[in-house]
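I opened my notebook for another chain and went through it piece by piece.

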Amino acid sequence: MSSAGRIAWVVKIFEGSRMCPVKNSSTPLKLMAVHAHPDDEATSTGGVLARYALAGVQTIVVTCTNGELGDAPGGIKPGADGHDPRTVASIRLAELRTACAHLGVSTLELLGYHDSGMADWDHRHRPDVFCTVPVETAAARITGLIERHRPQVVVSYDVDGTYQHPDHLHAARATARAVELAGIPVKLYSKAHGTTYWRRLREALTQVGVELRGPEPGALESVERRITTSIDVSAVIERKRDALHAHESQLNSSLAAKLPLDLFSYAFGTETYVLTGGVANSALPEVDLFAGVRGGHDDGPTA
Ligand SMILES: [Zn+2]
């Protein structure tokens with residue numbers, strides 16, 4: 001990025017916020033990932049959680065819903081015989097704890113909201129589901145967690161991306177608002193899947209005889225252009241895969257679970273993010289979520 005481009009970026013992320021650069025190198029490094037459902041911590045951010053945990057970073061997973069509207073064991077869908085939302089939630093929360101153990105997660109925080117279901121399901125209009133909870137209400141709870149744990153890096157989802165699950169959008173909006181309310185300087189990231197991610201996933205699945213119909217290329221190019229940060233997680237790919245497989249009740253619906261380790265690594269060995277707010281002294285593109293917060297200079301891929 002040119003210096004003019006970098007200045008414009010710095011101005012953009014500081015505009016209207018109380019954020020300021022993080023420079024205290026004596027503070028322990030902490031990474032918080034805010035997710036919608038049990039299993040998202042593994043599929044979405046499993047690589048960075050495992051990689052930074054191994055490097056001594058404290059990792060905090062916040063899971064907003066109980067995942068009641070996931071599959072029951074055997075791939076049974078909500079509304080079908082054999083699908084009891086309470087039982088599904090208890091199974092999925094147990095799986096979540098196992099997955100977090102694989103990823104070396106320091107702290108798991110459960111917000112306990114009810115799953116809203118997919119965008120084209122009727123559940124999302126119910127008054128008791130997560131996506132109908134006011135953003136300010138959910139954000140206040142996440143703010144409390146940010147104030148308690150004081151992470152330097154917070155990760156959630158890309159509201160302008162191609163995955164528009166109501167709970168993911170709501171988690172991302174609540175997280176962004178929570179960071180704003182906390183007034184604690186953090187780098188805020190959105191997990192982003194662009195052209196490269198989908199190409200590699202398609203190629204890997206082809207090898208096991210699965211045809212993937214991904215999002216439209218135009219939408220992916222737009223995401224790819226916004227990616228600021230690529231993290232090599234190949235060294236911890238087995239942990240990420242083990243975490244995914246810990247969510248046994250959901251594997252019927254998981255394309256990633258069909259991949260052997262080498263193809264899984266090809267598809268998921270790099271995690272990509274968009275930096276949407278944070279410290280000013282991090283030059284883009286980055287290869288480290290903590291670039292600019294390690295004593296005020298970029299350390300690169302040391303974690
Ligand atoms: Zn999810």
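How do helix 7 and helix 8 lie to each other: parallel, antiparallel, perpendicular or oblique? Before answering, I noted what I was working with. This is a predicted model, in which local features need pLDDT of at least 70 and side-chain atom pairs count only at pLDDT 80 or more, while totals for chains, interfaces and linings use all residues. Residues are numbered from 1 along each chain as its sequence is written.

**Entry 1: the helix pair**

I took helix 7 (residues 195-207) and helix 8 (residues 217-226) and found that their axes come within 7 Å and cross at roughly 120 degrees. Helices here are DSSP runs of H or I with at least four residues, strands are runs of E with at least two, and both are numbered from the N terminus. Axes are lines fitted to C-alpha atoms, for helices over the stretch in contact, with angles from 0 to 180 degrees between N-to-C directions. Helix 7 and helix 8 are therefore oblique to each other; the scheme calls angles under 35 degrees roughly parallel, over 145 roughly antiparallel, 65 to 115 roughly perpendicular and the rest oblique.

I then listed who makes the contact (C-beta atoms, placed from the backbone, within 7 Å). Helix 7 supplies Thr195, Thr196 and Trp198, and helix 8 supplies Leu220, Glu221 and Glu224. By class these residues are two nonpolar, two polar and two charged. Ala, Val, Leu, Ile, Met, Phe, Trp, Tyr, Cys and Pro count as nonpolar, Asp, Glu, Lys and Arg as charged, and the others, Gly among them, as polar.

**Entry 2: the sheet**

Stepping back, I counted ten helices and seven strands in the protein chain. There is an open sheet of seven strands, in the order 3-2-1-4-5-7-6 and with mixed pairing; two strands pair if DSSP finds at least two bridges between them. Its edge strands are strand 3 (107-113) and strand 6 (229-232), each pairing on one side only. Neighbouring strands are turned by 25 degrees against each other on average, direction ignored.

I checked two pairings. Strand 1 (residues 30-35) runs parallel to strand 4 (residues 153-157) over three bridges, and alanine 33 has valine 155 as its bridge partner in strand 4. Strand 6 and strand 7 (residues 270-277) are antiparallel over four bridges, with serine 230 partnered by threonine 272 in strand 7.

**Entry 3: the core**

Overall, buried residues make up 47% of the 303 residues. The largest nonpolar core has 71 residues, and Ile142 and Val154 touch the most other members. Such a core is a set of buried Ala, Val, Leu, Ile, Met, Phe, Trp, Tyr and Cys residues joined through C-beta atoms within 7 Å. Helix 6 (residues 166-182) gives the largest share, eight residues. Leaving out residues up to four places away in sequence, isoleucine 142 touches Val34, Val62, Ala174, Thr175 and Ala178.

Aspartate 39, in the loop between strand 1 and helix 2 (40-43), has a positive phi near 105 degrees without being a glycine. Aspartate 39 is buried, with 26 other C-beta atoms within 10 Å. Arginine 150, between helix 5 (135-149) and strand 4, is also not a glycine and has a positive phi of about 55 degrees. Arginine 150 is partly exposed, with 17 other C-beta atoms within 10 Å. I also logged a cis peptide bond from leucine 284 to proline 285, omega near 0 degrees, in the segment after strand 7.

**Entry 4: glutamine 250 and helix 9**

Which residues does glutamine 250 contact, beyond its neighbours within four places in sequence? My list reads Asp39, Gly70 and Asp71. Glutamine 250 sits in the loop between helix 9 (237-246) and helix 10 (261-268). Glutamine 250 and proline 38 are 212 residues apart in sequence and 9.8 Å apart in space, C-alpha to C-alpha.

Helix 9 is mostly covered, with seven of its ten residues buried. Its cover includes helix 2, helix 3 (46-54), helix 4 (85-103) and helix 10.

Methods:
Two residues are in contact if their C-beta atoms, placed from the backbone, lie within 7 Å. A residue is buried if 20 or more other C-beta atoms lie within 10 Å of its own, exposed if 12 or fewer, and partly exposed in between; C-beta atoms are placed from the backbone.
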